[in-house]
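Here are a few notes from going through the model with you in mind. Have it open as you read.

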Amino acid sequence: MNKRNYQHELEQLIKKHEAAGETPRLLIHACCAPCSSYVMEYLSRYFLIDFYYYNPNIDTAREYAYREEELKRLAASMPMVHPAGVIAEDYDPEHFYEIARGHEKDPERGERCLRCYELRLRKTAEYVKRTNENIPAGEKPYSYFTTTLSISPMKDAAALNGIGERIAAEYGLRYLPSDFKKKGGYLRSTELSREYGLYRQDYCGCVFSRRKNETNGSEASQ
């Protein structure tokens, strides 16, 4: 079986919409400002974008709020062809702990992480579905949803796209294929993070990831 090239698929969709003179509306699940930076710079040329900040995996309300404010600061500061909006949900960690129960000791990128991806992408799809069903006259509905998560070298793009496409099919929506780390996307995100002085965390957000980082750090210092 040929391995899918999600970046190529995205580029083909962009070309298709450009040829038709279309600027589709897109909702992008955002985990943090650094991961959103390149995606914001890149996709704002071709889409009307909103970033959807929903990350119940983050371990403290303070960390959640800080990442939210950094995302909003970036969106307000970055020059874009089509300015990006930010939609932020309230901090609600209980949902993450529900889906993580029994998987606290899973390795990174294991079943706990897959459940976390699904939780966040499903909430994003629900927002798109609800918004499109109640769209005011004259306002453009969302054509797609996607996530910034694939920009991380630690995230499995095939798993993310598979979950996103499955959820999209359930809700009658379209998932925008992505592997944002490709074509120098991850490197560009680090450059933009330095340029805008973004807070760049050293763990995904959940307490299990933080504990693993702290343990590895302790082992490395011994």
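Which residues are exposed on the other side of α3? Point 4 gets to that; one reminder before the rest is that this is a predicted model.

1. Start with the sheet. Its 4 strands run in the order β3-β2-β1-β4, and the sheet is open with parallel pairing. β3 (85-88) and β4 (142-147) sit at the edges, each pairing on one side only. From one strand to the next, the twist averages 25 degrees.

2. Next, have a look at the β2/β3 pair. Strand β2 (residues 48-53) joins β3 through 4 bridges, in the parallel sense. To find your place there, look for D50, which stands opposite G85 in β3.

3. Now the helices. Helix α2 (residues 33-43) lies across β1 (25-30) and β2, and runs at about 160 degrees to β2. As for helix α3 (residues 61-77), I checked its length: 17 residues at 1.5 Å a residue should span 24 Å, and the end C-alpha atoms are 24 Å apart, so the two agree.

4. Helix α3 has a buried side, made up of E63, Y64, R67, E68, E70, L71, L74 and A75. Looking down the axis of α3, these buried residues fall within an arc of 160 degrees, so they line one face of the helix. Back to the opening question: R62 and A76 are the exposed ones on the other side of α3.

5. And what covers that buried face? For the buried residues of α3, the cover includes β1, α2, β2 and β3. Of these, β1 and β2 are also the strands that α2 lies across.

Terms used. Residues numbered from 1 in each chain as written. Predicted model: local features only at pLDDT ≥ 70, side-chain atom pairs only at ≥ 80, totals over all residues. Heavy atoms only, no water. Pairing = 2+ DSSP bridges. Helix = DSSP H or I, 4+ residues; strand = E, 2+ residues; numbered from the N terminus. Axes fitted to C-alpha atoms, helices over the stretch in contact; angles between N-to-C directions. Contact = heavy atoms within 4.5 Å. Expected span 1.5 Å × (residues − 1). Buried < 20%, exposed > 50% of the residue type's maximum accessible area, 1.4 Å probe, protein only. Arc of directions from axis to C-beta.
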